[in-house]
Amino acid sequence: MVFSKIRQGLSRTRNRISHALRLLAGDSTTEETLEALEEILYAADVGPLATELLEEVESELRRGNLADPGDMPRWLRQRLLDVAQGPDGVPLPLLNADGPTVVLVVGVNGSGKTTSIAKLIHWLRQQNKSVLVAACDTFRAAAVEQLAIWCDRVGVELIRGAQGADPASVAHDAAAAAKARGVDVLLVDTAGRLHTQKNLMAELEKVSRVTGRQIEGAPHHTVLVLDATTGQNAIQQARRFGESVPLSGVFLTKLDGTAKGGATLSIGHQLGLPVLFIGLGEGPEDLDVFDPETFLDALLQPRAEGAET
Ligand SMILES: Nc1nc2c(ncn2[C@@H]2O[C@H](COP(=O)(O)OP(=O)(O)O)[C@@H](O)[C@H]2O)c(=O)[nH]1
Ligand SMILES: [Mg+2]
């Protein structure tokens, strides 16, 4: 995705931190510097990471480091980069050499699972990969219809059951079809809410297990979709899902429109999970493979003269 789109998506986060960044780059007292840094970190909602970084800076300053104006922005960028690079991610492209790669997509209702699947379809089709989709959110009729519309639009086959069908049986049929047709990727959409949290987790475990009976090693990836606008709340969600199904990484949605873009940086750090993709809009093309360097440049670079974002 073009840099300007990421910049635009992050503009609300960036607007909140740009003033403080200017202070950091100037010649200021220790106290002013720390205040500016604190403002940046809290504004971006990087969570507990803020306290850690502030303590680090204080000790650097005590030792007489970071004294030159200009040192601080460089230091901050480097430290945020270390954090954003996080644990070793799933190597992208995330596909098996032989046989279908099964990607289970999980997350709470409204986090953007179905939209993210449309984006993943678009991204995979651009790489000439064949895709099959399983509608395992059978709990809500509208959920299947929404997915059907996306699939129709791009000419990708959808495996669906009758309304209220057992999601595991849909997963079973879809995995069998993926194998028989030799598709590259099976994307599995799942429910985000059931009568109880316990039911939901049991269902996810079952869906996950069933695909593994059809295709060796499946699901090869379980991607947790998190809404960036929920900030630190997303961390709690991630923990709950992670207790039921092993997670490969995060698809962080709705980074356009939020001032909490910094959560992208802290999520990996707090959960030991890599951010794999970011969502920057409602359209199927609004996906980016998360790249910490590009992301940080988009977040921290001050507005260029004459630029509109
Ligand atoms: N602005 C924005 N909206 C998004 C993004 N991803 C999803 N949405 C919107 O969030 C809402 C819920 O998405 P949906 O895919 O139905 O969530 P699900 O319940 O997890 O399947 C919809 O209105 C989507 O258009 C994103 O990256 N940016
Ligand atoms: Mg959905």
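Two strands count as paired if DSSP finds at least two bridges between them. Strands themselves are DSSP runs of E, at least two residues long, and helices are runs of H or I, at least four, both numbered from the N terminus. With that in hand, E1 and E4 pair in the parallel sense, over 5 bridges.

Some housekeeping. This is a predicted model: local features need pLDDT of at least 70, side-chain atom pairs count only at pLDDT 80 or more, and totals for chains, interfaces and linings use all residues. Residues are numbered from 1 along each chain as its sequence is written, while chains are lettered from A and ligands numbered from 1 in the order in which they are written.

Now the sheet. It is open, with 8 strands in the order E3-E2-E4-E1-E5-E6-E7-E8, and the pairing is mixed. Which strands stand at the edges? Strand E3 (157-159) and strand E8 (287-289) do; each has a single partner strand, so one side of each has no neighbour in the sheet. From one strand to the next, the twist averages 25°. Angles run from 0 to 180 degrees between N-to-C directions, using axes fitted to C-alpha atoms, for helices over the stretch in contact.

Let's zoom in on E4. Strand E2 (residues 131-135) runs parallel to E4 (residues 185-189), joined by 5 bridges. Leu-132 has Leu-186 as its bridge partner. Ala-134 sits opposite Val-188. Leu-104 also stands opposite Val-188.

Is E4 enclosed or open? 5 of its 5 residues are buried, so E4 is largely enclosed by the rest of the structure. Buried means 20 or more other C-beta atoms within 10 Å of the residue's own; exposed means 12 or fewer; partly exposed is in between, with C-beta atoms placed from the backbone. In a regular strand, side chains alternate between the two faces of the sheet. Here, Val-185, Leu-187 and Asp-189 point one way from E4, and Leu-186 and Val-188 point the other way.

Next, the core. A nonpolar core is a set of buried Ala, Val, Leu, Ile, Met, Phe, Trp, Tyr and Cys residues joined through C-beta atoms within 7 Å. The largest has 89 residues, and those with the most contacts inside it are Val-133, Leu-186, Leu-187 and Val-188. Helix H8 (residues 167-181) gives the most to this core, with 6 residues.

Last, helix H11 (residues 263-271). H11 lies across E6 and E7, at about 155° to E7.

Definitions and conventions
Contact = placed C-beta atoms within 7 Å.
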